[in-house]
Every structure is written in C-alpha cells, then in structure tokens.
Amino acid sequence: LPSPPGFNEALLVNSNTKSGINSRKSITSSSFNSPIINEAQLDSLKTKKAWDVVTGTVKQVPMNLFMSYMSGNSLQIIPIMTTLMFFTGPVHSILNLKKTFKPFLNNKTFSNYYDILIVEICYVIVNIIIIFIGCYKMNKM
C-alpha cells in the first residue's frame, strides 16, 4: 500500500532499539512545511473571533423578541422575570466588556486596538437594543 498523503517516513525514528518499539521523534515547528502565521494574520483572526462574539449577541435579539411576545402582558411572575432578564443580562454584559474582549486584544503591540474598539461599540449597541426591548415590554405591562 502506498503511504497516505502528508506522511513523511523521515520523521519516524527507532529511538528504543532494545524493545523494538517505534516512537516518534519530538517534532518541532522546523520539521513541518507549514506556513508560519505572522502577527497581522493573528490580529485578523482575533478580530474575526471578536466579531463572532458580537454576532452571538445579535442572534439573541430575535429570541428575546419572541420571549417577550410569548410571556404576555399580564403582571405575573414569568413576565416580570422575563422583563428583568432583559435588563440584567445586557447590563452585566456591558459591565464585563473589557473582560470579554481582553483575549482578542494584542497585548504586545496593541495593533488591533481600533478594530476591537469598533467591535466593542457594536457589542454595546446590541446590548442597548436588548435593554430597549425590555423597556418596550415594561411599557406594555
């Protein structure tokens, strides 16, 4: 049988000749032919992952609208708790903004600072929209 694609027999070494067990040599990054990710690509990837956090919050807006519609307008415990959730969740998210986006910031050069700042502003805007949904729900009660 031919070797599978990407298999390199040069990486295999018989380091334990007494027992006859084949083991792999410690593989370093120099033994692979993979491209090295430069800092600009890493910043781009971190910015993309930060946008994924924002899009996750945007996906909550239709769900919150549906929950607001389904909970009704009466003064009972479920609609009251749903309405409180519309305020506490976004406020908690806004207060933990720096902790949420700290892993995405390049701590060495701060080269993607403005990109992450735009993402943070969009994150705050989406959370304010959720608070407005709560205000609308409170107005209808």
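The model is predicted: local features need pLDDT of at least 70, side-chain atom pairs count only at pLDDT 80 or more, and totals for chains, interfaces and linings use all residues. Residues are numbered from 1 along each chain as its sequence is written, and side-chain values use heavy atoms, leaving out hydrogens and water.

**Aromatic pairs**
- The whole structure holds three aromatic pairs. Rings of Phe, Tyr and Trp (its six-membered ring) pair if their centres lie within 6.5 Å; planes under 30 degrees apart are stacked, over 60 edge-to-face, the rest tilted.
- Phe-101 and Tyr-123 pair edge-to-face, with 5.2 Å between centres and 85 degrees between planes.
- This pair links distant parts of the chain, 22 residues apart: Phe-101 sits in helix H4 (residues 97–101), Tyr-123 in helix H5 (residues 113–140). Helices (H or I, at least four residues) are DSSP runs numbered from the N terminus, as are strands (E, at least two).
- Phe-101 is buried at 1% relative accessibility. Tyr-123 is buried at 7%.
- Tyr-113 and Tyr-114 are also edge-to-face: 5.4 Å centre to centre, 75 degrees between planes. Tyr-113 is partly exposed, at 33% relative accessibility.
- Ring pairs join Phe-101, Phe-104 and Tyr-123 into a cluster.

**Annotated spans**
- An unreviewed UniProt entry lists residues 77–96 and 116–136 as "transmembrane region". Such annotations may be inferred rather than shown by experiment; positions follow the numbering used here, and feature names are shortened.
- Residues 77–96 are 95% helix and 0% strand, with end C-alpha atoms 28 Å apart.
- Residues 116–136 are 100% helix and 0% strand, with end C-alpha atoms 30 Å apart.

Methods:
Buried means under 20% relative accessible area, exposed over 50%, partly exposed in between (1.4 Å probe, protein chains only).
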